[in-house]
Amino acid sequence: MNTFTKLGLLAVTTLCQTAWAGVDMPRVDRRQEIQEQRIEQGIESGELTRREANRLERQQMRIERQENAAQADGVVTPAERARLNHQQNKASRNIARKKHNLRGQ
């Protein structure tokens with residue numbers, strides 16, 4: 001392998017690593033995990049009916065698809081992060097409302 005090829009591979013590798021560096025979203029992922037745990041806890045405690053839980057889980061899947069779409073191009077913009085945060089806030093409120101509506105008990 002000649003020097004030019006080695007430099008080309010190094011440049012491509014560096015660009016790929018840089019592009020993916022901004023895609024990691026641990027806060028979003030952790031919040032998703034917590035909300036899914038809240039749904040599971042609601043099922044186990046009887047606070048959520050199966051139907052309510054299914055709707056909440058579908059909402060979580062939609063948020064996850066939005067997250068994947070935001071990450072697809074290798075850059076998550078501030079607007080995309082704000083949109084995900086807004087969707088997670090809505091989901092959190094929905095979980096709280098459904099767990100405390102007295103229907104599941």
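A crossing of two helices is left-handed if the near helix is turned anticlockwise from the far one by less than a right angle, and right-handed if clockwise. The legends below use this term. The model is predicted, so local features need pLDDT of at least 70 and side-chain atom pairs count only at pLDDT 80 or more, while totals for chains, interfaces and linings use all residues. Residues are numbered from 1 along each chain as its sequence is written, and side-chain values use heavy atoms, leaving out hydrogens and water.

View 1. Helices (H or I, at least four residues) and strands (E, at least two) are DSSP runs, numbered from the N terminus. Along the sequence the pattern reads α-α-α-α. Of the 105 residues, 27% count as buried, meaning under 20% relative accessible area with a 1.4 Å probe, protein chains only. Contact means heavy atoms within 4.5 Å. Among contacts between residues at least 6 apart in sequence, 75% join residues at least 24 apart.

**View 2. Helix α2 (residues 26-45) meets helix α4 (residues 78-99).** Their axes come within 11 Å and cross at roughly 15 degrees. Axes are lines fitted to C-alpha atoms, for helices over the stretch in contact, and angles run from 0 to 180 degrees between N-to-C directions. The angle makes α2 roughly parallel to α4, a term for angles under 35 degrees, with over 145 counting as roughly antiparallel, 65 to 115 as roughly perpendicular and the rest as oblique. The crossing of α2 past α4 is left-handed. Residues making the contact include Val-28, Gln-35 and Ile-39 of α2 and Gln-88, Ala-91 and Ile-95 of α4. By class, this contact has five nonpolar, eight polar and three charged residues. Here Ala, Val, Leu, Ile, Met, Phe, Trp, Tyr, Cys and Pro count as nonpolar, Asp, Glu, Lys and Arg as charged, and the others, Gly among them, as polar.

**View 3. Helix α3 packs against α4 in contact.** The axes of α3 and α4 come within 10 Å and cross at roughly 170 degrees. That makes α3 roughly antiparallel to α4. Among the residues that meet are Leu-56, Gln-60 and Ile-63 in α3 and Leu-84, Ala-91 and Ile-95 in α4. The contact has six nonpolar, six polar and five charged residues.

**View 4. Gln-60 lies in helix α3 (residues 50-71).** Gln-60 is buried, with a relative accessible area of 2%. Leaving aside neighbours within four places in sequence, Gln-60 is in contact with Gln-32, Gln-35, Glu-36, Ile-39, Ala-91 and Ile-95.

Conventions. Buried < 20%, exposed > 50% of the residue type's maximum accessible area, 1.4 Å probe, protein only.
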